[in-house]
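Colleague: I have just opened this entry for the first time, and I would like to learn how to read it step by step. Could you take me through it?

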Amino acid sequence: MRFLNKVATTALVVASVAALAPAAQAQSGPEAAAAPLVVAHRGASGTRPEHTFASYDHAIELGADYIEQDLQVTSDGVLVDMHDGTLNRTTRGDAANCTGAVNTKTLAQIKTCSAGSWFGAEYVNEKVPTLEELFQRYGNTVNYYIETKQPDPADHMEEKLLALLDKYNLRTASINNWQVLIQSFSADSLKTVHAMDPRLPLIFLGNPSLATIPSYADYAVGLGPSFGSSINANWVNTAHASCLDVHPYTINTVANMQAALAAGVDGMFTNFSDLLIGLLGDRKAKGLQGAIDAKRSHDACLARNAKAPVGGTVGATLSLTLGTPAGFGAFVPGLAKDYTASTTATVVSTAGNAALSIADPSTTATGKLVNGTFSLPQGLLVDATSAAGTVAGPAATVGGSAAPTTLLNYAAPVSNDAVTVNFKQSIGAADALRTGQYAKTLTLTLATTAP
Ligand code: G3P
Ligand code: CA
């Protein structure tokens, strides 16, 4: 009796596959009950010189929900409220003090300038306010919508802003009641603030694509897009699905205000707060309540859309199970014949690829069947077939451990692939055969380079 024994060697490699389900879709809008917010863009800048007390006082009189500030930094490190990076457009006075870049002038220089005469002679005494002066004037009686304008990391605008919030007890009010919203065209600036205090509500200014909108929810509570045709209901709904409020800028006509409201925005920047307030009528929130409601609505949206990842993990598996050992039966001396035999194997692989190979680990007559000190003169041939594997090549002599014979290749994970391993042993008419059993113990290996 002659037979062939085979021992499988399996290689186990760590791998993990996880599938996450998408978060549940939000209801339309952070909260339908929250009134659209009226953001007084640079104050009541349609009828007053922007970023002046006169402008803010009037916006507050009109009943705006927020007064908006753009921040610049003076050469001596003070946050001032000015849109432009230069003094030229909105200040008048001595050229040495009132023209050129804000960050090249001291606060004392800037304070010599009129911030209102460019708009009208009656505003000649208006000055460029510092942010601290605004906080001193209005305290916690108003809501602030503050923009870090073209922030340079060297200016530490964000640190200065948060220090002032703390000094005037506005940080907690910002976190809890959205009394301060911090806005920027600079994602880096917002991320800097987020890193300092992730509870602070941030608004990213820009018009991101539909596909990228959800990513802003990682650090922002809302988006401030430039209003145009792209800011339609679909865009707004996409933002709302990620619990991002939408406050487009700068909308100064009733027709555009109506279009924005029809698209479902949660508020808007306007130079003419009275127009929007008139349009909203009874929907308009009173006092600080609009911001508070917006915060509550945002919280409700987050609660509705609590992320609940669903998935499973696939443990790393390379499994090789062998069937009954193959046996050729009796070799007949003096008869030229090709003897065949087969065994089976079952392959399970979670790897990106895998290869099944076979080797004769023996250093004695490698690749040949042996009987004691005798070996068959011709090598043992092998190949394999399966449903999922790709045949590596025609039948070939079993190689040694250093050069195994590859049988099948797998280009993807596979489960319970039934493999047939075929052996062929040629015996020549003149081959001398010794009584007894010719056999070898072979090693099958399933291995991967992409676990
Ligand atoms: O901050 C919203 C809007 O004001 C952005 O434009 O140039 O007026 O600051 P800008
Ligand atoms: Ca602004």
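**Reading the ligand site and its surroundings**

Modeller: Let us begin with ligand 1, where an oxygen atom of the ligand is 2.5 Å from an N or O atom in the side chain of Gln 183. The protein covers 90% of the 290 Å² of accessible area that ligand 1 has on its own. Please keep in mind throughout that this is a predicted model.

Colleague: What is the distance from an oxygen atom of ligand 1 to an N or O atom in the side chain of Arg 42, and what is it for His 41?

Modeller: For Arg 42 the distance is 2.7 Å, and for His 41 it is 2.8 Å. The residues around ligand 1 also include Glu 68, Asp 70, His 83, Glu 147 and Lys 149, and among the others are Phe 185, Leu 205, Tyr 249 and Phe 269. Sorted by class, this shell has 4 nonpolar, 3 polar and 5 charged residues.

Colleague: How is the chain divided into domains?

Modeller: Domain 1 consists of residues 8–16 together with 315–447, while domain 2 runs over 22–306. The centres of domain 1 and domain 2, taken over C-alpha atoms, are separated by 74 Å.

Colleague: How should I read a helix, and which residues of helix α8 are buried?

Modeller: The general idea is that an α-helix has 3.6 residues a turn, so residues three or four places apart point the same way. In helix α8, which spans residues 233–241, the buried residues are Trp 235, Val 236, Thr 238, Ala 239 and His 240. Their cover includes β8, β9, α9 and α11. At the start of α8, a side-chain oxygen of Asn 232 comes to within 3.2 Å of the backbone nitrogen of Asn 234.

Colleague: Helix α11 was part of that cover, so is His 298 in this helix buried or exposed?

Modeller: His 298 lies in helix α11, residues 289–304, and it counts as buried because its relative accessible area is 6%, with the cut-off for buried set at under 20%. Beyond its neighbours in sequence, up to four places away, His 298 touches Trp 178, Val 221, Cys 243 and Asp 245.

Colleague: How do I read the backbone angle phi, and where does it take a positive value here?

Modeller: Most residues other than glycine have a negative phi. Trp 178 is found in the loop between α6 and β6. Phi of Asn 169 is near 55° and is likewise positive, and Asn 169 sits in the loop between α5 and α6.

Colleague: Are Trp 178 and Asn 169 buried or exposed?

Modeller: Trp 178 counts as buried, because its relative accessibility is 2%, whereas Asn 169 is exposed, with a relative accessible area of 65%.

Colleague: Which residues does Ala 341 touch, leaving aside those up to four places away in sequence?

Modeller: Ala 341 is found in strand β12, residues 337–349, and touches Ala 326, Gly 327, Phe 328, Val 421, Asn 422 and Phe 423. The C-alpha atoms of Ala 341 and Ala 326 are separated by 5.6 Å, although these residues are 15 residues apart along the chain. With a relative accessible area of 10%, Ala 341 is buried.

Note on methods. Residues numbered from 1 in each chain as written. Chains lettered and ligands numbered in written order. Predicted model: local features only at pLDDT ≥ 70, side-chain atom pairs only at ≥ 80, totals over all residues. Heavy atoms only, no water. Helix = DSSP H or I, 4+ residues; strand = E, 2+ residues; numbered from the N terminus. Buried < 20%, exposed > 50% of the residue type's maximum accessible area, 1.4 Å probe, protein only. Contact = heavy atoms within 4.5 Å. Domains from an automatic or database assignment. Near = heavy atom within 4 Å. Polar contact = N/O pair within 3.5 Å; in protein donor to acceptor, adjacent residues only side chain to side chain. Areas by Shrake-Rupley, 256 points an atom, 1.4 Å probe, with all protein chains shown as cover. Nonpolar A, V, L, I, M, F, W, Y, C, P; charged D, E, K, R; others polar.
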